[in-house]
Amino acid sequence: MTASRPPLIETREVTRILPLEVPVTLVKDISLTVQAGEFVSVTGPSGSGKSSLLYLLGLLDRPTKGEVLVNGQPTGPLSDVALCDLRLRKLGFVFQFHFLLAEFTVRENVMVPMHKLGVLSLRQRTERAESLLGSIGLADHLDKYPSQLSGGQRQRVAVARALANEPEVILADEPTGNLDTKNSEVVQDILRSLVDAGNTSVIMVTHDPALAAHADRNIHLVDGRIVPTP
Amino acid sequence: MRTGNLSLNIALTHLTGRLKPTITATLGVALGVAFYIAMTAMMEGFQGYFIQKIIDVSPHIEMKDEYRARPVQPLDHLYNRAEGAISLSSIKPKEEIRGIKNADRIVRTTSRMPGLKTAPTLEGQVVFRYGLKDLAATLVGIDPEREKQVTKLARDMVKGTLDDLQAYSGSVILGSELADELNADLGDRVTAISVSGTVKVLKVVGIFHTGIVDLDKTVSYALLKDAQILQNRPNVINAIRFSLDIPDNAVEIARQLENRFGYKTVSWQEANEGIISVFIVQDIVRYATSSAILLVACFGIFNIISTLINEKVRDIAILKSMGFTPADIQRVFLIQGMIIGLVGMILGWGLGYAMSRGLGAIRIDMEAIIATQYLFIVYDPIHYLTGGAACLLAAAFAAWMPARRAAALKPVDIIRGGAG
Ligand SMILES: Nc1ncnc2c1ncn2[C@@H]1O[C@H](COP(=O)(O)OP(=O)(O)OP(=O)(O)O)[C@@H](O)[C@H]1O
Ligand SMILES: [Mg+2]
């Protein structure tokens, strides 16, 4: 990694305030960097602003103050459509709830982001979806619908979908929050092996210190601010 | 069911997932289109037939021995008319033998105008007496040769011919209803009594049937000469009839003739103003009813798409987080509206055609205004195109409103809630 290469994601003094009647500060003065190839966990008590930070890093939300940079490029001046395009090409999301499309099969769900990107042919998309699903042990469930899968299986499909367009970073918000220990470890291992394989970074929100221990680095939040991990 | 288009695929899965309300909304649209088509086919059929009949059987323009404004009175010249202190009322018309002066000259002049045919007539009221029946009617004195050029009377003859008027002196042609009510037939001799008191026996040499009840019931024709004798108005012409090569020009040409010759000159449009304004009301009712049905159909579309959006907020959120733009999301729901509109339109076309056929097959035996056994139905592609266009526009609008809302949804708001 050369010094000239900018960090994958960088925030500078990022503050997000919800402009409600009584304004709610979600996160305050967050400055951090995530390098390519890092596995970063985000921990903190409930309501500390972990999800809010992840949405800002994932360009789903815009900061009230400060700047989020992706590959050194400030995202503030970009239009909403340009942010959509950045998300499509560079980011993959996994949420606590799987958010799979109920009327699409497992294979089709994984193909949706590729279809939207429009680079691969139908055959290539199908092959890539099948290989992704195969690599996380779902080769036998390609034609099932999400409702026919277990919670852990669904969450793995969501991970495969997040990986569809070979994103530079996976943003995961308590991806194992709904899973039992065994499934939780399976998903955890998948994320770990992705980072180890080289091309992808992971930013994972969790409240489980044991899971956070798998990460290269931890960011701890309390009341919307970064504090040293206890 | 998968196509190569992602937005279309998503739109289709949503619709097929909620088949029942989708079908209901589609049928609503179809009904609106069908109703519009059937109503239009029937009303335009009737109106078109009626106007064609009028153009065929009556003169396109008629010049009468009247003036539109009362003649200028000598007193008016003495005082400034606009701000005059004196206003005249109850002016008693001179008891002149009314008629168009210089009728010969007008007939000769207008006969030379291109696109115009002219026939002089004397119209007057008579009472026909036959057996025990007395019936009032209009007797039109005509020159058969000229009349043939001006109206389609010759074509409407059901018994006898127009030329038979010429063959017998003192003959008459009766409208079919008039003949029926008098119980008179070809060869019968009916007594005609004019307002001037003259009595003349006329032999029935022909019966015509136009299909317009009013004409068939109250109009009769005799030779101009016979009519003038009967009315005791020798050599008088009180109406000049014109026909045009292009009937739609009647209003303009009537105005020109009136300006030139002074006499009140009435186009067929003016003469039938009453019924034509009824047609306009009919059209308004037709548009209002169709619009109301389409509006209800719109609510159906609006409703189902709003419901779908509410059900699919999570899908919308994840698609947006994946990188779908607001326009992509809007497209999904617009497509749904257009699918409903398009399928509804095609069903509506079929249903509208079937309804038109059904209406055309109903036997009605109407004898009011016009005599007919069946409704007149026109099959015009324009009806299908305008109905379809209105339906697609309405569907697009009904879908666009909730689709805009879906496009504006913030994924963060939904994901935050959805994670709990
Ligand atoms: N729409 C909102 N209105 C009011 N307060 C809000 C809203 N959204 C978030 N908050 C508040 O902002 C703070 C940060 O929320 P956030 O979801 O980021 O926390 P979190 O660390 O992810 O919590 P958890 O571990 O429970 O998921 C919380 O105190 C929450 O109550
Ligand atoms: Mg959270």
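Biologist: Which residues are linked with B:Glu62 in a network of salt bridges?
Modeller: B:Glu62 belongs to a network of salt bridges together with B:Glu123, B:Glu147 and B:Arg241. Please keep in mind that this is a predicted model.

Biologist: How many salt bridges are there over all chains?
Modeller: The count over all chains comes to 31 salt bridges.

Biologist: With which residue does A:Arg107 form a salt bridge?
Modeller: The partner of A:Arg107 is A:Glu130, and the closest N and O atoms of the two are 2.7 Å apart. The pair links distant parts of the chain, 23 residues apart: A:Arg107 is in helix α3 (residues 106-117) of chain A, and A:Glu130 is in helix α4 (residues 122-135) of chain A.

Biologist: And is A:Arg107 buried or exposed?
Modeller: A:Arg107 counts as buried, because its relative accessibility is 16%, and buried means under 20%. A:Glu130 counts as partly exposed, at 29% relative accessibility.

Biologist: What about A:Glu127, which residue does it pair with?
Modeller: A:Glu127 forms a salt bridge with A:Arg123, with 3.0 Å between the closest N and O atoms. These two residues are separated by about one helical turn, because they are four residues apart in helix α4 of chain A. A:Glu127 is partly exposed, with a relative accessible area of 43%, whereas A:Arg123 is exposed, with 58%.

Biologist: Where is A:Arg125?
Modeller: A:Arg125 is also placed in helix α4 of chain A. A:Arg125 counts as buried because its relative accessibility is 9%.

Biologist: Which residues does A:Arg125 touch?
Modeller: Not counting residues up to four places away in sequence, A:Arg125 touches A:Met111, A:Met114, A:His115 and A:Leu120. For A:Met114, the separation from A:Arg125 is eleven residues in sequence and 6.5 Å in space, C-alpha to C-alpha.

Biologist: Let us move to chain B. Which side chain meets that of B:Asp163 in a salt bridge?
Modeller: The side chain of B:Lys148 meets that of B:Asp163, at 2.8 Å from N to O. B:Asp163 is partly exposed, with a relative accessible area of 38%, and B:Lys148 is partly exposed, with 32%.

Biologist: How many helices and strands does chain B have?
Modeller: Chain B has 16 helices and twelve strands.

Biologist: What is the radius of gyration of chain B?
Modeller: Chain B has a radius of gyration of 33 Å, while a compact globule of 420 residues would have one near 22 Å. The C-alpha trace of chain B spans about 105 × 60 × 40 Å along its principal axes. Among the 420 residues of chain B, 47% count as buried. Of the contacts in chain B with a separation of 6 or more, 77% come from residues 24 or more positions apart.

Biologist: Where does UniProt place the feature "transmembrane region" in chain B?
Modeller: The unreviewed UniProt entry places that feature at residues 21-43, 287-310, 331-351 and 382-401 of chain B. In the model, residues 21-43 of chain B are 100% helix, and their end C-alpha atoms lie 33 Å apart. Residues 287-310 of chain B are likewise 100% helix, with 34 Å between the end C-alpha atoms.

Biologist: And which residues of chain A does UniProt list for "domain: ABC transporter"?
Modeller: UniProt lists residues 9-229 of chain A, again in an unreviewed entry. That span is 35% helix and 26% strand, and its end C-alpha atoms lie 21 Å apart.

Biologist: One last topic: how many residues are in the largest nonpolar core?
Modeller: The largest nonpolar core has 74 residues, and A:Ile203 and B:Phe333 have the most contacts inside it. Leaving aside neighbours within four places in sequence, B:Phe333 is in contact with residues including B:His14, B:Ile305, B:Leu308 and B:Ala399. There is also a second, separate core of 49 residues, which includes B:Leu122, B:Ala192, B:Ala250 and B:Tyr263.

Note on methods. Residues are numbered from 1 along each chain as its sequence is written. Chains are lettered from A and ligands numbered from 1 in the order in which they are written. This is a predicted model: local features need pLDDT of at least 70, side-chain atom pairs count only at pLDDT 80 or more; totals for chains, interfaces and linings use all residues. Side-chain values use heavy atoms; hydrogens and water are left out. A nonpolar core is a set of buried Ala, Val, Leu, Ile, Met, Phe, Trp, Tyr and Cys residues joined through side-chain atoms within 4.5 Å. Buried means under 20% relative accessible area, exposed over 50%, partly exposed in between (1.4 Å probe, protein chains only). Contact means heavy atoms within 4.5 Å. A salt bridge is a side-chain nitrogen of Lys or Arg within 4 Å of a carboxyl oxygen of Asp or Glu. The radius of gyration is taken over C-alpha atoms; the globule rule is 2.2 Å times the number of residues to the power 0.38. UniProt positions are given in the numbering used here, feature names are shortened, and annotations may be inferred rather than shown by experiment.
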